[in-house]
Amino acid sequence: MLELLWMVPALPFLGYIILALFGGRMTKGISAAVGVGMLGLSALITIVIAISFIASPPEGYLFLQTLWKWVDVAGFSPAIALRLDPVSLVFIFIITFVGFLIHLYSVQYMEEEDSTWYARFFAYMNLFVGAMLMLVLADNLLLLYLGWEGVGLCSYLLIGYWYKDPANGAAARKAFIVTRVGDTAMAIGLFILVMAFRTLNIQEILRHVPLVWPVSSQAVVITALMLLGGAVGKSAQLPLQTWLPDAMAGPTPVSALIHAATMVTAGVYLIARMHVIFLQAPEVMTIVGIIGALTLIIAGFSAITQFDIKKVLAYSTISQIGYMFLALGVGAWSAAVFHFMIHAFFKALLFLGAGAVIYALHHEQNMFKMGGVKNMLPLTFWTFVIGSASLAALPLVTGGFYSKDLILYLAFTGEHGSKLLYFAGLFGALITAVYTSRMVFLTFYGHEKTHLHNRPGPVMEVPLIILAVLSTIGGFIELPGTLGHFPLFSNFIQNILPSPGSGEGHEGIGTELMLQIVAAVVAIGGVFIGYLLYYKKPETVQNFKQTPSGQSLYKFWLYGWGFDWVYDTLFVKPIDWIAQVNKSDVIDLIYTAIAWLTRGFNRMFSFTQTGRLRWYAMGIAFGAIVAITIVVFL
Amino acid sequence: MTTEGLFSLLPLFLLSGFAVILMLLIAIYRDHNLTFWFTLAGFTASFASLFFIQAVLPRQIVPILIIDNYALLYWGMIILASSAVAVLSYNYLKEHEEQKEEYYILLMTATLGACTMSSASHFISFFLGLEILSVSLYTMISYLRDRLESVEAGLKYLVLAAASSAFLLFGMALVYASTGTMEFARISESLSANGVNALTLSGFAMMVIAVGFKLALAPFHMWTPDVYQGAPAPVTAFVATVSKAGMFGLWLRFFVMINGYRYGSLLILFTVISIASMFTGNFLALMQNNVKRILAYSSIAHLGYLFVAFLAGGKLAIEATTFYLVAYIITSLGTFGIVTVLSGKMRDAEDIEDYRGLYWRRPLVATVFTAMLMSLAGIPLTAGFIGKFYLVSAAVNSWLWLPVIILVINSAISVYYYLRIIVVMYRRIDEVTPAVETTTGTLATVGPVMQPSISLGGGLVLAVLTLALIWVGVFPGNIIQFIKDMVSSLSSAAMPMHTAQKIMLFR
Amino acid sequence: MNALFYIASVVAIAATIMVITRLNSIHALLYLIVSLLSVAVIFFLLGAPFVAALEVIVYAGAIMVLFVFVVMMLNLGPQTVEQESRWFNPKIWIGPAALSAILIAEFIYVLISHGRQNLDTRMINPKQVGFSLFSTYLLGVELASMLLLAGIIGAYHLGRRKEAVFHRYFRRPDALYERLHPKEENKIDENGLKAGDKPLSKTNVSGMKQKKSERGEL
Amino acid sequence: MTSFSMEHGLILATIIFMLGLIGLLSRKNIVFILMSVEIMLNAAGLAFVVAGSRWSQPDGQVMFIFILAMAAAEVSIALALIILLHRKFKTLDADAAHNMRG
């Protein structure tokens with residue numbers, strides 16, 4: 001069954017091609033059928049593959065499918081090959097399955113668009129899924145980079161989907177440019193790898209790295225840093241996180257699929273896939289952990305102040321990916337992948353739930369103008385609460401608890417871990433619980449401030465239910481030692497990624513239990529704080545906000561710790577200024593001159609095309625003289 | 001001549017036999033459909049016979065033809081391209097000329113000429129093949145007698161081709177005078193034994209003029225845009241592909257067999273020609289508004305690229321150039337095929353304004369055209385990219401840095417005008433002022449110039465070409481291997497360029 | 001023999017110069033025949049009597065007669081001569097002459113530096129040529145037949161009288177209408193008639209001469 | 001044997017060839033242009049016969065015969081085209097036909 005692997009990315013691409021070519025002429029129904037159907041098939045095949053992979057794992061938990069050799073020219077012969085191992089299996093499962101649910105949801109969510117736009121939406125979405133699958137299945141760097149750029153492109157296209165509003169275009173451009181900074185770094189890193197190892201094959205590179213590059217050697221550190229740059233850009237981590245909140249300009253399903261569940265985790269995937277390089281560069285590992293910790297706290301504070309429900313979720317995404325980076329930084333590879341999976345479930349759920357609310361309230365995104373939605377949309381409310389509970393990591397019953405707990409535990413006890421990172425993570429968990437409960441209370445409780453506009457139909461509700469179930473039971477495949485010790489997921493992942501070594505020997509059931517209790521208390525405490533501040537006594541916050549210091553703190557957090565302002569001042573404004581100054585200056589002259597010269601050449605050459613026979617014969621005679629002269633006299 | 005020798009000539013016999021049969025057929029019963037199907041049958045039979053004769057190869061038909069796998073590959077390319085042209089021509093001619101049937105005879109003989117060229121091993125077959133091709137082309141180019149441009153183009157081509165043939169013959173005579181033989185292999189022997197002298201070299205140089213003329217290399221290129229524009233669109237496709245494939249196949253064989261890479265001055269000559277072609281073609285295409293002319297100029301540039309790899313010498317050069325030629329033929333047939341199927345009754349769809357908003361009227365055709373242009377521009381996942389990549393790696397392997405850098409610069413320039421066509425195609429029609437002035441001087445409203453519908457045959461050809469384009473771009477491995485095997489009969493004779501020569505050339 | 005060669009050479013060169021400088025095409029053709037005849041003499045001196053005969057029969061005889069036919073048929077009157085004389089002045093031919101002079105100089109340099117190769121003027125009789133032609137180069141002869149086939153078909157197609165034009169008239173009534181009402185044509189134009197339906201008429205030709213390369217889109 | 005050498009024969013051929021080229025480049029009348037091309041072809045044929053004579057082979061003459069065949073085919077088409085051109089443009093001026101350019 002594994003031989004079907006190639007169809008997993010091929011089907012979404014096929015869907016894209018069909019929609020792109022014929023989309024303009026299709027009715028909405030057919031467009032949706034193609035878009036959703038292709039992904040559905042792809043997800044089905046993925047499940048079949050997953051079952052057969054788990055039932056009878058291939059040798060070394062690695063299945064390679066070489067589709068064909070692309071070119072074989074002068075010693076350069078990249079193969080188009082797919083690689084399936086536990087990590088990529090988890091990723092393709094999430095991508096196709098969650099992707100399918102989101103596609104299904106979009107069928108109704110996007111119904112207001114006219115048919116061309118509708119087809120365009122599904123075309124982009126399919127292309128995105130195809131590219132993302134290519135990224136995670138790639139066996140060589142070339143293919144990986146292709147997928148990497150492909151998802152970037154789709155992200156650009158989908159953020160700017162409603163391109164008639166210039167703000168959306170600006171957001172799309174911002175996302176593209178900011179991630180491009182990271183991409184450039186990553187491209188440099190990949191070039192270093194190719195130059196050093198003379199191959200594009202990931203497997204071979206990873207095998208050679210420890211043999212060729214000693215630990216902490218300059219080359220490996222630089223390469224790791226460059227790859228980290230790419231990961232940071234794509235996964236919206238410090239300092240390149242600024243694009244993600246703006247990316248909420250796209251339709252909500254896009255936010256759910258791209259900016260929460262899949263694409264933004266590409267950075268996590270990259271680091272996990274290239275873990276050998278990072279293990280050779282422990283300094284960089286530390287940096288990864290620190291970036292994760294800082295990001296999760298900073299983004300958490302920003303999330304508390306947002307009034308747009310999607311922005312809350314955006315900052316929460318940044319923060320949760322911060323957890324994954326933290327996990328990567330402490331070498332808890334499987335924990336990072338585990339959290340990725342659970343996060344994909346509950347974040348997609350939250351976005352879709354938020355989307356349902358937005359849809360129902362006629363594109364109202366401001367939480368302060370919502371309220372009382374609980375009674376209007378009970379199903380949405382309950383699923384949203386389940387998702388929120390998972391995000392806030394309420395103990396025992398939510399998936400988020402297990403994944404986050406694993407990360408915190410390993411940060412505390414792992415050999416690369418540190419107490420500082422642990423406490424940062426713990427503090428982050430508190431903030432998470434606070435802003436999560438704030439979001440739920442503001443949106444669903446209180447008195448109704450707006451009225452119901454549309455009612456989500458079953459195609460929107462079914463994905464919510466499925467995701468709610470998954471984000472609850474998803475955690476049970478990895479039960480910690482204290483609760484029956486059932487590390488199914490870790491064992492599976494650790495076939496390919498090393499398990500985190502233990503640190504100073506204070507791990508054990510006792511420590512684990514203690515840490516879990518702390519985490520549980522923190523989560524429940526956070527929810528309680530949220531309950532107090534935003535439901536019971538909202539005036540406390542309001543009063544604080546009125547004070548000057550409160551005001552400035554609020555602003556500071558609301559605008560994402562001023563990163564945009566800093567970048568604007570540091571990069572955009574000076575460049576703008578230089579551009580202004582230079583508008584009619586020297587540098588422009590170069591380009592004008594090139595254009596002018598080219599046009600001049602064109603005119604000069606087209607002067608020779610007189611259309612006159614004799615003149616053409618003259619050309620031949622002239623050529624004859626040149627030829628004979630060269631041959632005889634040189 | 002042995003029976004097997006005769007047998008190995010079967011494809012050529014079939015081509016010429018069918019030409020004669022067609023002639024008789026027309027004399028007895030003049031019918032466009034019937035002639036067309038006979039033509040197709042002729043090409044099919046000839047192509048099919050390629051598989052049968054492979055068993056008896058390689059074979060030297062004393063002394064003028066050499067039939068080996070290399071020749072077979074070129075024959076296959078030429079016959080397939082000619083069949084495509086025949087299919088494209090069918091609907092085109094149906095609307096245009098009252099006497100359509102002779103065209104197919106000429107197409108047959110022209111194909112025969114091109115095939116003869118690619119298996120020539122002697123000046124006589126060189127010359128005769130070239131002339132069969134040229135003489136057929138004179139008429140094909142001016143076939144639409146009612147069109148001024150067609151006649152003008154035919155006359156220009158005729159005079160210039162005849163003059164360049166005179167140069168070729170004179171050069172051959174000089175080579176013959178100094179070596180005493182007209183056989184490629186024996187010329188090579190004589191050169192090795194007696195060394196080269198100025199007379200032989202100037203003979204080669206004179207021959208280069210005719211080669212450059214047929215391949216439209218600068219500065220012998222000036223006829224190209226006029227002929228491409230004036231000729232009926234399918235004939236343009238033929239001139240751009242078959243005629244060039246035949247000539248290039250011949251010249252590559254000739255150059256390898258006489259081991260021309262020994263002579264630095266010839267290589268310098270080709271370096272100059274190649275660089276001049278790249279720049280000329282691309283600069284001329286930049287501001288052009290006639291699509292046929294743009295494609296003509298771009299073909300000049302493409303042959304310039306081709307010669308960059310040709311210069312590299314050795315096995316890699318043969319493989320790279322042949323592969324590039326395959327990609328180029330697919331793409332050129334595609335682009336001119338689109339011009340053909342879109343052409344209306346009174347004029348060809350050649351003005352760039354004719355293509356405005358094509359995507360919104362004919363999304364499929366526009367998509368195919370986009371793919372073809374992307375391939376010409378060398379965008380990845382198309383045949384053109386792999387071809388260019390192959391060229392560059394061949395050239396870099398021989399340290400030809402100067403031509404490679406110029407190739408890269410020119411590729412960048414060329415993207416401009418390819419994109420220009422693409423952009424125009426995707427413009428909305430409602431963004432257009434209703435009446436626009438076209439290069440043919442008429443005030444035309446956009447759109448109605450076009451054929452109302454794409455013919456079945458034309459559509460089929462385009463579909464096959466598009467598939468081939470993407471197939472070659474995405475799965476080039478098999479095709480590269482196939483070409484490597486097929487040209488091995490020639491590449492085993494090729495010697496890599498001497499290192500000292502490289503240094504002398506491009507220090 | 002030797003002297004004969006040089007005399008014939010001088011005659012050939014002189015006659016050729018006359019060909020390219022004559023204004024009257026019939027005169028030029030006659031000079032061309034003289035040139036060909038003297039080349040035939042040289043062939044004979046070189047020991048190639050067969051091609052000498054062919055030169056006379058086919059070149060001077062058949063091909064030149066074709067030329068004469070066409071020139072006569074087109075009935076080029078004295079005004080053509082006048083036009084030629086106005087046009088054919090040193091300003092025109094000095095450039096080509098210089099180019100050719102350079103080429104001649106280069107070739108003479110090459111040939112002189114090549115050293116002296118004596119010719120073997122033993123006669124190669126028609127039998128030898130025929131034997132070679134029909135044994136070694138038999139395939140060449142076959143190919144030449146295909147060449148002539150292409151030539152014949154081409155000449156037939158292009159040279160055909162145009163009775164078909166009338167045929168076309170009846171097939172396309174609008175074309176006939178336009179031909180009968182030439183002024184209507186412009187009027188339809190302004191109303192934005194489809195360009196594809198417009199016949200290529202004289203107005204189009206003059207329009208074509210305008211150059212429009214400045215209308216770049218990008 | 002005679003004392004004129006191959007070089008002399010080839011020089012003669014070159015001169016005639018280049019005279020043809022001058023004609024081709026400087027004449028305006030299409031009939032003259034065609035005649036010039038014929039001169040060039042004939043000169044090439046002469047060179048072949050000279051070269052064949054140098055090596056005492058019939059090959060040069062064989063080639064000449066093929067050139068003759070080609071010249072005949074080409075001239076017949078060319079003259080047909082000239083008639084067509086004359087019908088269209090009412091002139092034999094080669095420059096009259098320069099509608100296509102640029």
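How many positive and negative side chains does chain B have, and how far apart do the centres of the two sets lie? Chain B carries 27 positive and 25 negative side chains, with 7 Å between the centres of the two sets. Here Lys and Arg count as positive and Asp and Glu as negative, while His and the chain ends are left out of the count. Each charge is placed at NZ of Lys, CZ of Arg, CG of Asp or CD of Glu.

This is a predicted model, in which local features need pLDDT of at least 70 and side-chain atom pairs count only at pLDDT 80 or more, whereas totals for chains, interfaces and linings use all residues. Residues are numbered from 1 along each chain as its sequence is written, chains are lettered from A and ligands numbered from 1 in the order in which they are written, and side-chain values use heavy atoms, without hydrogens and water.

Chain B contains 21 helices and 4 strands; these are DSSP runs, with helices being H or I of at least four residues and strands being E of at least two. Its radius of gyration is 22 Å, close to the 23 Å that the globule rule gives for 507 residues, so chain B is as compact as a globular protein of that length. The radius is taken over C-alpha atoms, and the rule is 2.2 Å times the number of residues to the power 0.38. Along the principal axes, the C-alpha atoms of chain B fill a box of roughly 70 × 60 × 40 Å.

Of the 507 residues in chain B, 74% are buried, meaning under 20% relative accessible area, with exposed over 50% and partly exposed in between (1.4 Å probe, protein chains only). One buried residue is Cys115(B), at 1% relative accessibility. In chain A, Cys154(A) is also buried, with a relative accessible area of 1%. Over all chains the count of disulfides is 0, a disulfide being a pair of cysteine sulfur atoms within 2.5 Å.

Chain D has 3 helices and 0 strands, giving the pattern α-α-α along the sequence. The radius of gyration of chain D is 17 Å, well over the 13 Å from the globule rule for 102 residues, so chain D is more spread out than a compact globule. Its C-alpha atoms fill a box of roughly 55 × 25 × 25 Å along the principal axes. Buried residues make up 87% of the 102 residues in chain D. Chain D has 7 positive and 6 negative side chains, and the centres of these two sets lie 14 Å apart.
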